[in-house]
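Let's take a friendly walk through the inside of this protein, looking at its aromatic rings and its cavities.

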Amino acid sequence: MKKFLIALFVLLLLCTGAQAQAPFYQGKTITILVGTKAGDVYDLYPRMLAEFLPKYIPGSPNIIIQNVPGAASLIAANQVYNVAKPDGLTLAALFPALYFEQLIQRPEVKFDWNKFGWIGSTVTSNHLMYMRADTAYKTIEDVRKASTAPKCGATGVTSTGYYMPKLIEETIGAKFDIVSGYVSGQDIDLAVERGELQCRAFTITAFFAREPFITWRKKNFVNVLFQTGQKRDVRLKDAPTIYEMMDKYKTPDGPRRLAKVILASGEFGRPLVVPPGVPADRLKILRDAFNKSVKDPALLAEAEKRRLEMDPGTGEELESLAKEVMSAPPDVVQRVQKMLGK
């Protein structure tokens, strides 16, 4: 009997040890909240990433995508920050310019940009503005001289469709009539096709990644008026950069400092975050898995196949950038507030 009890005790110890060593994510499901409709390029990146992350997370959890569209991903941001448990099982793919909402102190903001746990970003997002080719606005100079501003679509003030035209107005004086409230970029593109709108600002990545833009380019349905990179994208060699335009029109220092804060959104790219309070070891697991996934030759081949550009940034880099933009000096914050209609 004594030997039996000893054997049972040893067995219990072994079982307890095995349970203690089991990876946290084993047998669990991770949910990625995506702040836009399914099929939008902001949705395509996390869906692709979800196919590879389990390979690099100990325990190989399941990963599902849940779309939470609306208000340029503000709804998704509030949800992951305030509702999701900080257990490392809920992630969010957000628009990169949501920090604007916090800088201008909108009451709808229920998060602190600095306190998100930053996992990484799949690509840096430089931007462009397309304009229907059958309009009178062939160049940015045409927009500057126009008596009637062209109509551009936007989902919300933190979407490129809103803040980029506003930034161009602040820096070089070209005015746009911005129509906000669309649910997604796809809805804006449909409105352009119907003739309700003439223009949209969004990422260069999306412009070269999917329809209708592939067909639009073949049919010369739109022209590109400008782009935001430090240098011209080789595919857009005829479109000036915002820096070239600011030099041409002799933009003063104040608007240039505003541009620096606004254009930082491109460096955030397509960020993936967790709510505050996720244990450091789990955040590290997710960051490591992200870093390995975006270097996986199979993922890179799949990205090329899907026309999705890759230029990843680490969680540490995004965390540092978040601290930088949220500590912008008061005069710049006031300019942001004025530009976005605070």
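## Rings and cavities

Phe95 is buried, with a relative accessible area of 9%. Keep in mind that the model shown here is predicted. Tyr42 has a relative accessibility of 14% and counts as buried because the cut-off is under 20%.

What do the rings of Tyr42 and Phe95 form? They make a stacked aromatic pair, with 4.4 Å from centre to centre and 20 degrees between the planes. This pair links distant parts of the chain, 53 residues apart: Tyr42 belongs to helix H2, while Phe95 sits in the loop between strand S3 (90-93) and helix H5 (99-103).

A second pair is worth a visit. Phe207 and Phe213 are tilted, because their planes meet at 40 degrees, which lies between the limits of 30 for stacked and 60 for edge-to-face. Phe207 counts as buried at 2% relative accessibility, and Phe213 does so at 0%. The two pairs compare as follows.

| Pair | Centre to centre | Angle between planes | Class |
|---|---|---|---|
| Tyr42 and Phe95 | 4.4 Å | 20 degrees | stacked |
| Phe207 and Phe213 | 5.8 Å | 40 degrees | tilted |

Across the whole structure, a search finds 23 aromatic pairs. One aromatic cluster is formed by Tyr81, Tyr99, Phe100, Phe111, Trp113, Phe116, Trp118, Tyr163 and Phe268. Elsewhere, Lys28 lies over the face of Phe24, at 4.5 Å from the ring centre.

At least two lining residues each come from helix H2 (41-50), helix H7 (160-172), helix H8 (185-194) and strand S8 (199-203); S8 gives the most, with four. The lining of this largest cavity has eleven nonpolar, twelve polar and four charged residues.

The second largest cavity has a volume of about 80 Å³. Among its lining residues are Tyr42 and Arg270, along with Pro46, Leu49 and Phe290. Helix H2 and strand S10 (271-274) are the elements that give two or more residues to this lining, and H2 has the largest share, four residues. By class, the lining of the second largest cavity divides into nine nonpolar residues, one polar and one charged.

Note on methods
Residues are numbered from 1 along each chain as its sequence is written. This is a predicted model: local features need pLDDT of at least 70, side-chain atom pairs count only at pLDDT 80 or more; totals for chains, interfaces and linings use all residues. Side-chain values use heavy atoms; hydrogens and water are left out. Ala, Val, Leu, Ile, Met, Phe, Trp, Tyr, Cys and Pro count as nonpolar, Asp, Glu, Lys and Arg as charged, and the others, Gly among them, as polar. On a 1 Å grid over the protein atoms alone, a cavity is a set of points where a 1.4 Å probe fits but cannot get out, and a pocket is an open set with protein on both sides within 12 Å along at least five of seven lines; lining residues have an atom within 4 Å of a point. Grid points are joined across faces, edges and corners, and a volume is the space filled by probe spheres set on the points. Rings of Phe, Tyr and Trp (its six-membered ring) pair if their centres lie within 6.5 Å; planes under 30 degrees apart count as stacked, over 60 as edge-to-face and the rest as tilted. Buried means under 20% relative accessible area, exposed over 50%, partly exposed in between (1.4 Å probe, protein chains only). A charge sits over a ring if NZ of Lys or CZ of Arg is within 6 Å of the ring centre and within 35 degrees of the ring normal.
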